[in-house]
Amino acid sequence: MTLTAFPPPPSGADHNDLRQEVRAFLAEELADFSPEKRAKSWNGFSRDFSRKLAQRGWVGMTFPEEYGGHARSALERYVVSEELLAAGAPVIAHWIADRQSGPLILAKGTEEQKRAIVPRIAAGELCFCIGMSEPDCGSDLAATRTVATEVEGGFRVNGTKVWTTYAHVADYMILFCRTGKSDDRHGGMSQLLVDLKATKNIQISPIIDMAGEHHFNQVIFDDTFLPSDALLGEKGEGWSQVMSELAFERSGPERFLSSFALIEELIRLLRQDATEAQQAEIGRLSAHLMVLRQMSRSVAGMLNVGKNPALQAAIVKDLGALFEQDIPRLARSLISRPAVPGGRDSYAAVLAYTELAVPSFSLRGGTREILRGIIARGLGLR
Amino acid sequence: MESMIHDMAERLFRDHVHHRLRADAAAGQCPETLWTRIEEAGLHMALVPEEAGGFGVPAAEALGLVRVAGAHGLPLPLAETLIANAVLAGAGLALPRGRLTIAEDAALRLERRGGALHASGHLAMVPFARWADRIVTIAALDGVNHVLSLPVKDLTVTPAQDLAGMPRDDVAVDLALTDADAAPAYRSMGGMRGLGALVRSLATAGALETILRMSVEYANDRVQFGRPIGKFQSIQQYLATMAGETAAARAAAEMAAGSYDTAAFALTVAAAKSRSGEAAQTVGALAHQIHGAIGYTEEHALHHFTKRIWSWQDEFGTELDWNRELGRAALSSPHDTFWHFITDSTAQGVLT
């Protein structure tokens with residue numbers, strides 16, 4: 001049963017020297033970060049931080065050197081990623097570009113696209129957003145309605161994208177849209193590279209989330225013209241290109257470390273004095289975390305040798321979301337201290353922040369139900 | 001990961017371990033012929049060095065045999081014999097022929113009576129003791145752990161069994177030991193309890209894979225409301241949950257197997273026993289839900305596997321025991337942050 005086999009990460013995957021370098025860098029850069037600020041890690045936006053990280057060679061690590069990358073392994077990149085998230089570094093300014101847009105452009109882009117964009121990603125200068133979801137197509141991506149019609153010199157795009165994280169500050173969007181008709185439900189789709197700063201007739205408006213924060217946006221394309229060289233990869237191959245991105249999107253440590261700031265707060269309070277029952281719960285939490293990390297690193301190892309572990313990635317994301325969503329419940333079962341948004345007590349503030357964040361963990365990047373549908377199909381359910 | 005010895009074991013068990021054999025074993029009949037085949041193939045020696053009769057494969061691969069055996073519900077002490085031989089070889093003791101088993105550490109009193117060593121006390125829930133030739137355990141003498149090789153014929157065995165009907169016997173010990181039967185342990189390795197927990201985690205991972213496969217097959221074959229029940233989203237979600245738990249159990253067990261003989265073993269085995277036991281609860285419950293009433297019968301094969309995984313949860317330290325141990329380590333670790341504890345917990349140092 002290969003679906004349930006996660007080969008151990010290759011020996012030497014610890015890369016301890018690199019890990020210590022990253023820790024030293026973060027200790028300095030994040031010295032004045034409060035626990036509450038650390039809790040926002042994945043949603044923290046700092047171009048300055050991303051550029052500094054890139055100067056150390058820790059953005060675009062796996063990209064080839066000729067495109068400004070560092071030709072390092074997926075496992076070395078993994079070490080940097082998990083250290084950033086565990087420390088609560090503000091990473092979203094480069095994260096999506098580094099994780100999936102850059103690798104996609106390298107795999108499918110033209111030489112011109114690679115030369116124009118990838119080095120700037122590796123320099124930590126470009127923020128990417130993902131143009132997939134629409135008002136009438138969330139989980140059902142094949143129902144995409146946004147259309148790019150071929151016109152002289154390029155495409156004319158009409159349609160609306162939603163839940164587009166950080167579109168309001170991003171430099172580029174990779175737009176998933178319809179470019180033709182097809183009998184196959186998954187046919188006729190393409191990906192277009194949209195320069196958000198240079199393109200006219202794109203309206204980006206905020207969608208405030210229930211925590212009161214602005215990450216999401218609605219992005220309206222209204223007769224938007226994109227030049228022919230915006231096409232990324234093959235016309236009509238958008239579906240398979242998107243599917244190959246998902247193993248990168250779904251398997252990383254951001255899929256189980258989202259509540260990590262709360263875990264650190266919880267452990268800090270229990271360190272002084274813990275009952276046997278509290279010890280056991282922390283042991284169970286540790287076991288889950290050790291195993292998730294092992295599985296996630298296993299997927300990094302598979303990516304590193306050119307496999308497409310999309311099914312294993314779906315498993316990691318499903319298990320990871322269950323784990324990170326359970327942390328507020330676990331914290332409440334161990335410590336009697338109310339959540340206080342913005343409170344002076346860091347545990348109370350982090351609990352409040354995390355509690356409001358957790359519903360999104362099993363929605364973003366593929367809902368729990370979609371992931372389980374993918375896993376079920378992988379099991380051979382006819 | 002392709003492995004010749006796993007393939008060999010897979011073929012052997014597929015041909016010879018079937019429902020009748022498991023049922024007969026649960027009724028008390030030792031499958032002697034099958035054990036002879038295992039010995040002929042040399043599987044029981046896989047974890048000892050090549051010069052002592054092993055295959056010369058990495059420990060993690062040799063231990064993988066336990067997962068394969070678990071996947072077939074093998075009613076014989078292969079895992080126990082593998083571990084016992086490795087522990088005896090490590091202590092420089094002779095490797096006896098026949099079936100061996102292991103018992104948790106520190107249950108016996110070891111002392112010098114005159115010139116000879118004497119072991120006495122009581123061993124509870126010893127796996128397959130009545131079918132074994134020797135029991136290997138660890139006891140302290142003057143603060144030094146000693147590996148003991150106890151001949152079962154000189155012990156008093158009172159039969160008892162686990163949920164799956166497998167022998168888990170009570171053993172009374174009161175005998176003088178020769179130099180050939182006791183030697184200082186070469187290292188702690190978390191003792192017999194840790195090694196036992198490791199093999200139970202691996203066997204659980206294998207059994208869970210079989211339970212998942214049986215459940216997928218059943219969901220594809222069983223028709224209700226005019227279609228296979230596997231077409232229903234609720235059943236698909238159950239099976240996907242089972243796959244995730246099964247994958248986690250296997251990754252956990254293989255993480256511990258991969259750190260066999262390293263400093264990381266003490267914590268990885270705790271995580272493995274805890275995580276695989278939790279998976280056993282979830283997967284077992286969902287498998288029975290999917291199979292419906294037929295899966296609750298003696299006639300159906302499912303119970304041989306679910307009873308085993310539930311029994312293994314309690315052996316060589318319960319989940320609660322291992323969770324406490326891991327939690328205590330996390331909360332008392334000298335690391336600045338919990339994260340540093342987690343990354344170090346799987347780092348492979350060499351045990352000295």
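View 1. UniProt, in an unreviewed entry, puts the feature "domain: Acyl-CoA dehydrogenase/oxidase N-terminal" at residues 14–125 of chain A; UniProt positions follow the numbering used here, feature names are shortened, and annotations may be inferred rather than shown by experiment. Over residues 14–125 of chain A we get 63% helix and 0% strand, with the end C-alpha atoms 28 Å apart. Helices (H or I, at least four residues) and strands (E, at least two) are DSSP runs, numbered from the N terminus. What you see is a predicted model, where local features need pLDDT of at least 70, side-chain atom pairs count only at pLDDT 80 or more, and totals for chains, interfaces and linings use all residues. Residues are numbered from 1 along each chain as its sequence is written, chains are lettered from A and ligands numbered from 1 in the order in which they are written, and side-chain values use heavy atoms, leaving out hydrogens and water.

View 2. Next up is "domain: Acyl-CoA oxidase/dehydrogenase middle", which an unreviewed UniProt entry places at residues 129–223 of chain A. Here the chain is 0% helix and 49% strand, and the end C-alpha atoms of the span lie 20 Å apart.

**View 3. How chain A splits into domains.** The domain assignment of chain A gives domain 1 (2–127), domain 2 (130–236) and domain 3 (241–378); such bounds come from an automatic or database domain assignment. Between domain 2 and domain 3 of chain A, the C-alpha centres are 29 Å apart. Their contact (heavy atoms within 4.5 Å) takes 12 residues from domain 2 of chain A and 9 residues from domain 3 of chain A.

**View 4. The two domains of chain B.** Chain B divides into domain 1 (4–184) and domain 2 (191–337). Their C-alpha centres sit 23 Å apart, and 34 residues of domain 1 of chain B touch 34 residues of domain 2 of chain B. The UniProt annotation "domain: Acyl-CoA dehydrogenase/oxidase C-terminal", from an unreviewed entry, covers residues 201–309 of chain B. That span is 75% helix and 4% strand, and its end C-alpha atoms are 9 Å apart.

**View 5. Helices α6 and α7 of chain B.** α6(B) and helix α7 (residues 233–258) of chain B pack at about 160°, with their axes 9 Å apart. Axes are lines fitted to C-alpha atoms, for helices over the stretch in contact, and angles run from 0 to 180 degrees between N-to-C directions. So α6(B) and α7(B) are roughly antiparallel (under 35 degrees counts as roughly parallel, over 145 as roughly antiparallel, 65 to 115 as roughly perpendicular and the rest as oblique). Residues in the contact include Leu198(B) and Leu202(B) of α6(B), and Ile235(B) and Leu239(B) of α7(B). By class there are 16 nonpolar, 3 polar and 3 charged residues; Ala, Val, Leu, Ile, Met, Phe, Trp, Tyr, Cys and Pro count as nonpolar, Asp, Glu, Lys and Arg as charged, and the others, Gly among them, as polar.

**View 6. A helix from each chain.** Helix α9 (residues 276–304) of chain A and α10(B) have axes that come within 6 Å and cross at roughly 85°. That is why α9(A) and α10(B) count as roughly perpendicular to each other. Among the residues in contact are Glu276(A) and Met290(A) of α9(A), along with Arg324(B) and Leu331(B) of α10(B). The contact of α9(A) with α10(B) has 8 nonpolar, 5 polar and 4 charged residues.
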